[in-house]
Amino acid sequence: MKSFEYIQPKKLSDAAKINAKNKNSSLLYAGGTDLLGLMKDDILQPEKLINLKNFKELDFIEHKADGGVRIGALTKLARIADDEKIKTNFTALSLAASEVGTPQLRNVGTIAGNVCQRPRCFYFRGDFDCIRKGGGECFAISGNSKYHCIVGGDPCYIVHPSDTAVPLTLFDAEVQIFNGTKYRYVPIKEFFLLPEKNFTKENILEPGEIITEFILPPGKFNFSNFIKAKERGSWD
């Protein structure tokens, strides 16, 4: 792993400004369950790692009087899975959070990190100069494409790995994004980028922008469910 500078900003605005100033060499760090693996595999080699763990104001679940819910970006997946009101009013989100990784990962991983994680494609994660890493070819086209998409791929056939992104989209969630000075609100359906628009990134976040919370309107379904197809029952 390449050496890096570990930065602990005191204010969220400072974190955003540092990230914007060092847009090509810095990364934001919260739970780290995905980021650290990418760094160890030399897929990402940041010069600066900006710690967000100390911003406790981003770790919350607030149930609103109208039935909606606000979830802070640093809220742990285990907490979302166990929240009784989310289980009742947004069942699919609770179930999706409970399916992420292992109990250890769910107690460390955050919802924003889960939504922003990088593809699990073994060509992207492996020693291949694939198109998503700046190369000229998606090796899944002529190689092993078992876990890749059927539609919506060209020119990169990744499948987005986030479980929670599915129910957040189902429930028409809104993403609150902070750039150091002001907030903007984006429907989650507009947050993700298909490869046809940009095959090097998965979402619209620009350097210096930080997800601060997810806002779910009152539940539009009396019943919802989340079913995950897996080859192994324990973890896949």
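Visitor: Which are the buried residues of helix 5?

Guide: The model is a predicted one, in which local features need pLDDT of at least 70 and side-chain atom pairs count only at pLDDT 80 or more, while totals for chains, interfaces and linings use all residues. Residues are numbered from 1 along each chain as its sequence is written, and side-chain values use heavy atoms, with hydrogens and water left out. Helix 5 spans residues 91-99, and its buried residues are Ala 92, Leu 93, Ser 94, Ala 96 and Ala 97. Their cover includes strand 5 (69-72), helix 3 (77-82), helix 4 (84-89), helix 6 (103-106), helix 9 (165-170) and strand 8 (210-216). Gly 101, which follows helix 5, has a positive phi near 50°.

Visitor: What makes a run of residues a helix or a strand?

Guide: Both are DSSP runs numbered from the N terminus: a helix is H or I over at least four residues, and a strand is E over at least two. The protein chain has 9 helices and 8 strands.

Visitor: Why is Ala 16 called buried?

Guide: Buried means under 20% relative accessible area, exposed over 50%, and partly exposed in between, with a 1.4 Å probe and protein chains only. Ala 16 has 0% relative accessibility and therefore counts as buried. Ala 16 is found in helix 1 (residues 12-21). Leaving aside neighbours within four places in sequence, Ala 16 is in contact (heavy atoms within 4.5 Å) with Asn 179, Gly 180, Gly 208 and Ile 210. The C-alpha atoms of Ala 16 and Glu 209 are separated by 6.1 Å, although these residues are 193 apart along the chain.

Visitor: Why is Val 159 called partly exposed?

Guide: Val 159 has a relative accessible area of 41%, so the label is partly exposed. Val 159 lies in the loop between helix 8 (122-125) and helix 9. Beyond its neighbours within four places in sequence, Val 159 is in contact with Tyr 147, His 148 and Cys 149. Pro 155 has its place in the loop between helix 8 and helix 9, and the peptide bond from Asp 154 to Pro 155 is cis, with omega near 10°.

Visitor: How do you know that Cys 116 is in no disulfide?

Guide: A disulfide is a covalent bond between the sulfur atoms of two cysteines. The criterion here is a pair of cysteine sulfur atoms within 2.5 Å. The structure holds 0 disulfides. For Cys 116, the nearest cysteine sulfur, that of Cys 156, is 17 Å away. Cys 156 is likewise in no disulfide, and its nearest cysteine sulfur, that of Cys 138, is 5.0 Å away. At 3% relative accessibility, Cys 156 counts as buried, whereas Cys 116, at 24%, counts as partly exposed.

Visitor: What is the phi of Asp 42?

Guide: Phi of Asp 42 is near 60°, a positive value in a residue other than glycine. Asp 42 is found in the loop between helix 2 (35-40) and strand 3 (48-51), and its 42% relative accessibility makes Asp 42 partly exposed. Asp 172, also not a glycine, has a positive phi of about 55°.

Visitor: How do you know that the radius of gyration agrees with that of a compact globule?

Guide: The radius is taken over C-alpha atoms, and the globule rule is 2.2 Å times the number of residues to the power 0.38. With 236 residues, a compact globule would have a radius of gyration near 18 Å; the protein chain has 18 Å, and therefore agrees.
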